4 protein chains.
Amino acid sequence: MPSSKQAFSYEHRVQFYETDLMGIVHHGNYLRFYEEARVAWAIHRGLINYQQKESASRLAVLETNVKHLKPLFFGDIVRIELQVRLQGVRIEFEYKMYRQLSNKDSGQELCSVAKTLHVALGENLRPRRPLQEMTEILEREQWNETWLLSL
Amino acid sequence: MPSSKQAFSYEHRVQFYETDLMGIVHHGNYLRFYEEARVAWAIHRGLINYQQKESASRLAVLETNVKHLKPLFFGDIVRIELQVRLQGVRIEFEYKMYRQLSNKDSGQELCSVAKTLHVALGENLRPRRPLQEMTEILEREQWNETWLLSL
Amino acid sequence: MPSSKQAFSYEHRVQFYETDLMGIVHHGNYLRFYEEARVAWAIHRGLINYQQKESASRLAVLETNVKHLKPLFFGDIVRIELQVRLQGVRIEFEYKMYRQLSNKDSGQELCSVAKTLHVALGENLRPRRPLQEMTEILEREQWNETWLLSL
Amino acid sequence: MPSSKQAFSYEHRVQFYETDLMGIVHHGNYLRFYEEARVAWAIHRGLINYQQKESASRLAVLETNVKHLKPLFFGDIVRIELQVRLQGVRIEFEYKMYRQLSNKDSGQELCSVAKTLHVALGENLRPRRPLQEMTEILEREQWNETWLLSL
């Protein structure tokens, strides 16, 4: 899909400890994978800086919505694409999670889609309007209204 | 609230390892707390039986939606209420999560609400129409359309 | 066993999300269960106070040692006993973890034993000699040299 | 150190959800990082194969021992080295965990060392003597008695 070209992309290898007794990845771990992708995006854009630890706390989670289309298994390589936009004082992410098929030729399959909603935090972890610096970064992001049609 | 009387209720004490560097419970853990409540409900209704291990795998997660209203802290006692209904072949849960205020007199505050959507699994973890036994249990549950208005 | 009478005791119900694809509790979760018991002990003795959040950070982990004797399963009720003593500036815990057998009459079986070693933390999370208050509490604890012979 | 040259090496980036309210990586997560390294080694040697899911269950954990020398923080790049040997019917791993210092020039610091003890599992997850194929792989590994002197 053409929209994928602009989307930020992140990979995660499914670990043994992320599975449950059904033999698949426990659904609670998907929010961790989506967080990994979101943090990687924020690092890439300069919103979070590993050398300034307090920068890790700049985005609080207001709401999450995850759809499960296909299960994930131990050892799977998961690729997450995301897009992000500013909505008033809120920051909205949309995600697609693909599982790389083990037969490399066959490509990938969509396993999960998600939305998360955030608000910027200031001193004392209080919600606040995003700083000018964050707003400028978010306004440069591309957003495609129909990217996550299935959700 | 009157609707609370019929709702199934479950308690969880927030553990040290459930917090993150912001000093609050990591948002990914809420799905674990809601799962604890859902499993406790299923045990109480006889849908899951600890002596039949395969019964633990009778409900797959199709979708989750969690709203965060107030943060949770180490040591908090969380109380979750839920209601459940059959929607075609799908099973829908709604939840309210309260935090007991440390000054006991002051009662509790609503911290999070959620919805999860499930499907019954048969042999080989394949989705299937709920068994007659499960359907009968679900049809006896009370459902209040306006219970989760805020979501 | 006579030594059990003095030991502090804590219970945990094994959750679905604590299992892995082998159908048993993932070994990494045992340190969480032992921490739950240690924190419950510290609360009971007044070393940690849920109303003073900074008290949760009074003990750093220096070393852990866990032995696995029998697996744990979804729904198991786990009972942990512990003893603790001051060793110079270090604080040493020993633990026994029992699994309650589903046929109540048959009692319980020992599933795991463990040792953890800690140091008190002061301001800025720096290791320090335990405060007089902590020392007094620890010196009142009973310690049985042979309690954990199997370790 | 010369011994490091032969050691298998694995990297992990510390995630936000792996921290706790003390602002550091929760000690329970170290066993997950060591497992990641152990599994990566087993994949590399052909003992585990992502396409044969049952191969993931070939090693049960009998005992773990973790020493904590320095804390780990959000965003840290952790490098784990390990060595492994067959001891009778048991399989023994030793690990060193280094934290890459943010000022690249200053190199790395040792944060944790560990030992884990395992047994091979056969059908029905029963302990068994390692298969000839596993024994041959383990006998080709290098083991340095003094590699982990500090433990």
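**Figure 1. Aromatic pairs in the predicted model.** Over all chains of this predicted model, the count of aromatic pairs comes to 24. One of them joins Trp41(B) and Phe93(B): the ring centres are 5.4 Å apart and the planes stand at 85°, so the pair is edge-to-face. Planes over 60 degrees apart are what that term requires. Trp41(B) belongs to helix H2 (residues 30-44) of chain B, and Phe93(B) to strand E4 (residues 90-100) of chain B. The pair therefore ties together parts that are 52 residues apart in sequence. Trp41(B) has 0% relative accessibility and so counts as buried. Phe93(B), also at 0%, counts as buried too.

**Figure 2. The Trp41(C) and Phe93(C) pair.** In chain C, Trp41(C) and Phe93(C) form an edge-to-face aromatic pair. Their centres are 5.4 Å apart, with 85° between the planes. Trp41(C) sits in helix H2 (residues 30-45) of chain C. Phe93(C) sits in strand E4 (residues 90-100) of chain C. The pair thus links parts that are 52 residues apart in sequence. Are these two residues buried or exposed? Both Trp41(C) and Phe93(C) are buried.

**Figure 3. Strand E4(C) and its two partners.** Of the 11 residues of E4(C), 9 are buried, so the strand is largely enclosed by the rest of the structure. On one pairing, strand E3 (residues 77-87) of chain C runs antiparallel to E4(C), joined by 10 bridges. Ile80(C) has Met97(C) of E4(C) as its bridge partner. E3(C) and E4(C) make a hairpin, with 2 residues between them. In the turn, Gly88(C) has a positive phi of about 65°. E4(C) also pairs with strand E5 (residues 108-121) of chain C. This pairing is antiparallel and spans 11 bridges. Here Tyr98(C) stands opposite Leu110(C) of E5(C).

**Figure 4. An aromatic cluster in chain A.** Which residues make up this cluster? Tyr34(A), Trp41(A), Phe93(A) and Tyr95(A) form one aromatic cluster.

**Figure 5. Chains A and B about a rotation axis.** Chain A superposes on chain B by a rotation of 180°, with 0.0 Å of shift along the axis and an RMSD of 0.0 Å. The two copies are thus related as by a two-fold rotation axis. Which residue of chain A comes closest to the rotation axis? That is Asn65(A), whose C-alpha lies at 2.2 Å. Of the interface residues of chain A, 100% are also interface residues in chain B, so the copies meet through the same surface.

Note on methods: Residues numbered from 1 in each chain as written. Chains lettered and ligands numbered in written order. Predicted model: local features only at pLDDT ≥ 70, side-chain atom pairs only at ≥ 80, totals over all residues. Heavy atoms only, no water. Phe/Tyr/Trp six-rings, centres within 6.5 Å; stacked < 30°, edge-to-face > 60°. Helix = DSSP H or I, 4+ residues; strand = E, 2+ residues; numbered from the N terminus. Buried < 20%, exposed > 50% of the residue type's maximum accessible area, 1.4 Å probe, protein only. Least-squares fit on C-alpha atoms with pLDDT ≥ 70 in both. Contact = heavy atoms within 4.5 Å. Pairing = 2+ DSSP bridges.
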